[in-house]
Each structure stands twice: as C-alpha cells, then as structure tokens.
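Trainee: Could you take me through one part of this protein up close, and then show me how that part sits in the whole? I would enjoy a careful look.

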Amino acid sequence: MLNALAKPRPAQAAGALPPDALPPDAPAPAEPPPASRRRATQTFLTHAARSKAFHGFVNPPIYRGSTVLFDSMDDLIHGRAEFTYGRKGNPSTQALESAWTELAGAAGTILCGSGLAAITTALLSVARAGDHLLVVDTVYGPVRALCDGLLERFGVAVTYFPPDPGAAFEQAFRDNTVAVYLESPGSLTMEIQDIPGLARIAHARGACVLMDNTWSTPILFDAHAAGVDISIEAGTKYLGGASDLLLGLASANSAYWPRLLDTHRMLGCIAGPEDVFLALRGFRTLDLRLRESGRRALEIAQWLRSRPEVLAVLHPALEQSPGHGYWKRDYHGASGLFSIILAPVSTQSLAQMLDGFRLFGMGYSWGGFESLVTPIDHDLVRSAKPWPHSGPTLRLYIGLEDVEDLKQDLSDGFSRLTGKY
Ligand SMILES: *Cc1c(COP(=O)(O)O)cnc(C)c1O
C-alpha cells in the first residue's frame, strides 16, 4: 500500500558502534549528516503513505468509524477483511503507522492518544508481576509517577540509575531485571546517554531496551540501529508541530513487535482519527521544522553562553553539556529544546523576568512553531544522584520566530531579572 520511495537511512547493524570505539571527546562526523541521507529522508517524508485507494488525493483522508461492515457471515466469523473494527485501525492510522515504521527502521508502530499512553503500553508489554526494571533517573516526570504508582501496585519493582552510570549499571541488574528504560537527552537536564553501550549490556543480560526518543525523532537519532528494542515518540511535540494535538507512537523491532501490538490491542488506548490526520500533515514537514528549530536553538544557546546572568547552558551540542561526546558520536543533529541554569536570584526577580516576556510563552509541552520558557526546579526529581545545581533552571524551546527578535525578548528579560536597564 505504501510508496516505499527511499529508505530514510542506510541500515546500521545493531551494536555496530561499540561504546568504547571513540572516547567521548573524539571528533566525529555527527553534524551535518551526509547530504544523501538527508535527501532520502526528506523525499521519504514527502511521498510516504500514498495510496491509489485515496483516489489521487495527496494526503490520506480522515477515516472515522467504529463499525466496519462485512460482506458475509463467513467473512465476519473469520475476520476476513483488511479492517474489521475501528479500534483495530483504519486507513488513516495504518498510513501513519506504516510511514513511522519505515522512518524508524522498525517492524511495527502503535499509535496512542498521548505520549504517556504509548510509554505505558510499551512498559506493560514487557513487565509482569515480580519483574524488575532499570529506569534512568532523568526520566520524564510522569513516567516516574507511572513506575512508582501503577507498576509498583502491580508488583513491578523499579531502580533508578544515573544517566551516565559507568560500572554501576551492570551491578544494578538483578536476576529478575527484564527491561531498561532510557531517555536521551534526559528530561529537563539534557544528559545524552551512551545508548549503544547501555543497550549492549542490557542485551547481554537478556533485558529489553526501551527508549524515549522524543527530543531527536528518528531523524536525529536512529534508536533501533543503536540497539533500542522499543522506541517511543511523543508525537504531541515535533510530529504534531503546532501544539494542537496529543499523540504517542511506539515502534518495535521484530523481537518485541508482537507483544507490543498485543498489549495495545488489550488496552485499547488508541489515537483519534483527527489527531492522526494532523500528525500525517506534520510528518511531511518534520525534517524541515526540526532542523530549523534546532538551528535557531543552537544559535541562541551559544549566545546565552556569553550572558553573565547564565551560569550554564545545557545543550547537547555544546561541549560542556553532559554526554556531549555521545551526542557527537551517535546523533545527526540537535533539536530545539535545551535548558539553562541562571546565577542565583530572588523568586521575585525571576517572576519579573518570566512574566514579562512578549514572545516566549510560559507553559508545558514543546515542538510547536512558537517559543516557550518553563521554570523547572519544582519539577526536578532525581533519586539516584542529586542534581548539583541550585540556581534557577529554565527550559527553553525555540520555535520559528526570528532569532534576533527572540534574543531581544531574552535580553529584555535579563534586564528585568537584574534590574539593570
Ligand atoms: C511530552 C513528553 C512526553 C509525553 O507526551 P504526552 O503526549 O504529553 O503524553 C513523553 N516524553 C517526553 C520526553 C516528552 O517531552
């Protein structure tokens, strides 16, 4: 059904990059990606998911519906039809699933009504009562709530480990450790993880490797090629791209695809057809928006380094940022989300800075066309290794506004922060 025009990436065997092949600070050709690879990805995004069944209309239309009528009793009893019931998929969801599967280099993809629902489905597909999970300490906050709440209630134990655990990682495995959950860069604090290295150790222990790859999308980090078995994307962010939908995707390799699909079917937490349609529109321009937001963000991150009000810029493409060496080795670029640590100031001054922005909106989520700023100290939960900084920490998302306008907005904010005009 799909128009498989171009493979988005040259397939790279899992584990092809041993973690110790390059020291973390060795130069590596991470950016820019080879022109041929970029061309292939852009062409694929543009032409994927076309079908004669859509009568020549370029983007698959919205299929709504629960009931699907069968031709005969025999067909119904044997489920003999391409689509059998709305919850089990329709041409709209199939189009996005197939396109994402190919982009991610996976065996299959499920769609859920939010990123968190995709994470929940993925974790429930690998864990059962009595099992143990290793979860990175810098995990997206609601995932920690899921682990410590629902999963614990169902008899699944969780240990949190620091994003760059070294030898402690192997020691954290127990006989009943069935899965490792990674997120790179870490939520809020932006640590890049040694995904191929951690995956290799996990696989040697027979554990499944799950990863939240939302920051990169498959375009900037090839999670499955790096050894990830189930890769999760909050489509709410860059795929939607307009802050007007919630969507989650989880793609799996062939070893984990059957159980992921089974669990999705059992839970029934699916995505709505309008959101899937909007996500397919976002898919076409994903590469363009991701790179443009990333380019602007890096320019602003570099500028912020020179500001006296800023103690540190946590941006994976900057050398000082934790795990930068892994980023350089494994990633094809950086997206538009990063954090900064300010020199200590009063809460009142910080509020004056944040409340007065003209362009930067204050609120959760990211990946849309508009820039955002979020104070994050109250959301920073770390249990494996304490967060060493005390200054106010802000998360910035850079959208598609003019860079000079954004710098001016930030400059004015720093003036309000310090009272120096
Ligand atoms: C937003 C986000 C999620 C959750 O996505 P929702 O659609 O809001 O449920 C998961 N992981 C990361 C890294 C996110 O930024």
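Mentor: Happy to! Let's settle on strand β1, which covers residues 108-112 and is mostly covered, with five of its five residues buried. Keep in mind as we go that this is a predicted model.

Look at the side chains next. G108, I110 and C112 point one way from β1, while T109 and L111 point the other way. Whichever way they point, all of these residues are buried, and for that word the cut-off is under 20% relative accessible area.

Now for the neighbour. β1 pairs with strand β7, residues 248-252, in the antiparallel sense, and the pairing runs over five bridges.

Let's step back to the whole chain. The protein has 14 helices and twelve strands, β1 and β7 being among them. Buried residues make up 55% of its 421 residues. Of the contacts between residues at least 6 apart in sequence, 75% join residues at least 24 apart.

As for overall dimensions, the C-alpha trace spans about 80 × 50 × 40 Å along its principal axes. The radius of gyration is 22 Å, which agrees with the value near 22 Å that a compact globule of 421 residues would have.

How values were computed:
Residues numbered from 1 in each chain as written. Predicted model: local features only at pLDDT ≥ 70, side-chain atom pairs only at ≥ 80, totals over all residues. Heavy atoms only, no water. Helix = DSSP H or I, 4+ residues; strand = E, 2+ residues; numbered from the N terminus. Rg over C-alpha atoms; globule rule 2.2 N^0.38 Å. Buried < 20%, exposed > 50% of the residue type's maximum accessible area, 1.4 Å probe, protein only. Contact = heavy atoms within 4.5 Å. Pairing = 2+ DSSP bridges.
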